[in-house]
Amino acid sequence: MSPNRAAEREPTTGELPKARTGIAGLDEVTGGGLPRGRPTLVCGPAGCGKTLLAMEFLVRGITEYDEPGVFVAFEESIDDLRANVRSMGFDLAQLEADGKLAVDHVTLVTGEPGETGDWDLDGLFIRLGAAINAVGAKRIVIDTIETMFGAFSNLNTLRSELTRLFGWLKEQGITAVVTGERGDGTLTRHGIEEYVSDCVIVLDHRVTEQMSTRRLRILKYRGSLHGTNEYPFLIGEAGLSVLPLSSLGLQHPVCSERMPTGVARLDAMLSAGGFYKGSAILVSGTAGTGKSTLAAQFCDATCQRGERAMFFSFEESEAEIVRNMSSVGIHLRQWVDADLLQFHCFRPSLIGLEAHLFAIQKFVRQFDPSVVIKDPVSDLLRVGAEADVSAMLTRQVDFLKARGVTTLFTSLDSDGPSGTDEHIASLVDTWLRLQTTEGSGEYNRLLRVLKSRGMAHSNQIREFLVTERGIELVDIYVGTEGVLTGSARQAQEAREVQDGAAREEDVELRRAILERRREAVQAQSAALWRDFEGEADLVGRSLSNNSAAMNLRARQRVEQGRLRRADSDAPGRGGDE
Amino acid sequence: MTALAGRRTLALQTNEAWRLRLYIAGQSPKSLLAIANLRSLCEEHLAGRYEIEIVDLLEQPTRARSDDILAIPTVVRRFPRPPRRVIGDLSNSERVRVGMQF
């Protein structure tokens, strides 16, 4: 009932003028409301919410669009009607006192009166006319017009009078809602749809897997585009809500701001920043992989920044979560006390899927958190069929994204890829998968980023440790021995340290040996030099002796020649004959 | 109720006047026919001990709601009790007689 809704422009698409109903979601489905100045038939089985839809159309018309209305009740008494809608916050008596609403209960007694001869419904026309004039009505509801078929025996006259009635309503330019009860194989028991041909809305009430869901469908809307699907709808504390899948479309604003995950190394894996604000995150994993802990740590980090978080738990109570998380160093109690964190813990089977969605929307609107945790969404599968669950989650993600709320779902994988994951996978922006590996007699946790839209995320698998200070991520060992985690990883790391030390010793030893060898070689080579030098000295000395002797002999030969008076042919040549 | 029932028998015995009210909407042929038919029937069965009040809803439109009238014409037997109604132009006098229990 926000005041700005009245200011919303009615569609001026050149087609039919429309009257907004103000009923959440119905205006989207009908492309702007019901045909203005024309009658609309709302039909369905007993208890499907026809009267309530019609009443809300009228009340919202008064409170939000300033269009007074008339309610003509053929079935319920005025007092019953007032009491029934009071629970939704509609105060009919006040609206009547304000002169905005006229309620008229028409008493019909079956079998009486007797009929003799010709009659018409001028009495009803005058009655409606008086009520319309009294409040200046722009809208009228006739609930349920078919009751008249039980009260008159001349049905030919009645049918022609009904035709006249709808013609008269159109002449008045009044937007009318007429309700009708579903018949066997026909829309209404007495074929009211023949008279109201502009717009027909069918309500239904079905039970599948013990869960009842109300559905609404626009069967026909002459001269206007309309959604053709069956839309689930709810009757909640604030009236009806139709939940069209495409109500929001894919128009949500995006934000490039990041939100730290609370685990520094995980932020680093998501290209140094964390999740995108307003994105949807799925944390999936088998039982006991630490999904809830990761979610709690994200909550904790959010609250530390002074932002609000809301935790929906379908498995644990608030007290259990607080206790369990403080054992790993995540203290949530302080945030609850500071009004930064709110828990909503309930079994999803308590209420139907639609009611669940509705409840969550209500809580989110009230608390306005920047982070919403749902732990785990796989529990919702117990509530409805898979297709319904995924449709519900789609609507939820749309709703939360439109509000810029960052959402983290956890999901329990059974062995092998679970159905929920496939359904949610395309919905979420970031998907973290937690796994366990078995080896060396122990289970260890692994985390990897399966996908993360719009960021260069890490392809690495990290080991996920739940410590007394929360979650820590460590590198796993990847080497010749394969992928090692846990104590095997630690052992391998120790072994590597040991191996390194041994190698170092070895090198040291070799260096010493080499050094000693160098010394030996040096000593040896010094000895050799000494021998060599001794020898060289010896040789040099003998050489010089030799040449002195030869010189002496040559001189002697020259001397002898001179003595013999012979010609000297080669002076200095001597000693080589 | 016993008091009322006692009064009714008394009324019938003492020939207290019947009180009938006829609702019409303007001077339509149906309305005029109904007035004429009702008068002649009353003359026939209740000569001298009846009153007919005619309410034209075009003149008093709010009475349609307060008196819970849908069809026109409608004749209501206001006395003797309990009230009884017959609708139509009252052209079938036998059905009117049965309906009104003249």
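Start by selecting H45(B), which sits in helix α2 (residues 29-46) of chain B. Keep in mind that you are looking at a predicted model.

H45(B) touches both of them, leaving aside residues up to four places away in sequence.

Next, show where the chains meet. Here 27 residues of chain B are in contact with 20 residues of chain A. On the chain B side, colour α3 (62-66), β4 (84-87) and α4 (93-100), the elements that each give two or more residues to the side touching chain A. Colour that side by class too, and you'll find 15 nonpolar, six polar and six charged residues.

Stay with β4(B) for a moment. Strand β6 (residues 114-115) of chain A runs parallel to β4(B), and two bridges join them. Pick E115(A) and look across to its bridge partner in β4(B), I87(B).

Last stop: the largest nonpolar core, with 151 residues. Select V72(A), I140(A), V141(A) and C299(A), which have the most contacts inside that core. Then zoom in on V141(A): beyond four places in sequence, the residues V141(A) touches include A54(A), M55(A), F57(A), L58(A), F71(A), V72(A) and V177(A). In soluble globular proteins, nonpolar side chains tend to be buried together.

Methods: Residues are numbered from 1 along each chain as its sequence is written. Chains are lettered from A and ligands numbered from 1 in the order in which they are written. This is a predicted model: local features need pLDDT of at least 70, side-chain atom pairs count only at pLDDT 80 or more; totals for chains, interfaces and linings use all residues. Two residues are in contact if their C-beta atoms, placed from the backbone, lie within 7 Å. Helices (H or I, at least four residues) and strands (E, at least two) are DSSP runs, numbered from the N terminus. Ala, Val, Leu, Ile, Met, Phe, Trp, Tyr, Cys and Pro count as nonpolar, Asp, Glu, Lys and Arg as charged, and the others, Gly among them, as polar. Two strands pair if DSSP finds at least two bridges between them. A nonpolar core is a set of buried Ala, Val, Leu, Ile, Met, Phe, Trp, Tyr and Cys residues joined through C-beta atoms within 7 Å. A residue is buried if 20 or more other C-beta atoms lie within 10 Å of its own, exposed if 12 or fewer, and partly exposed in between; C-beta atoms are placed from the backbone.
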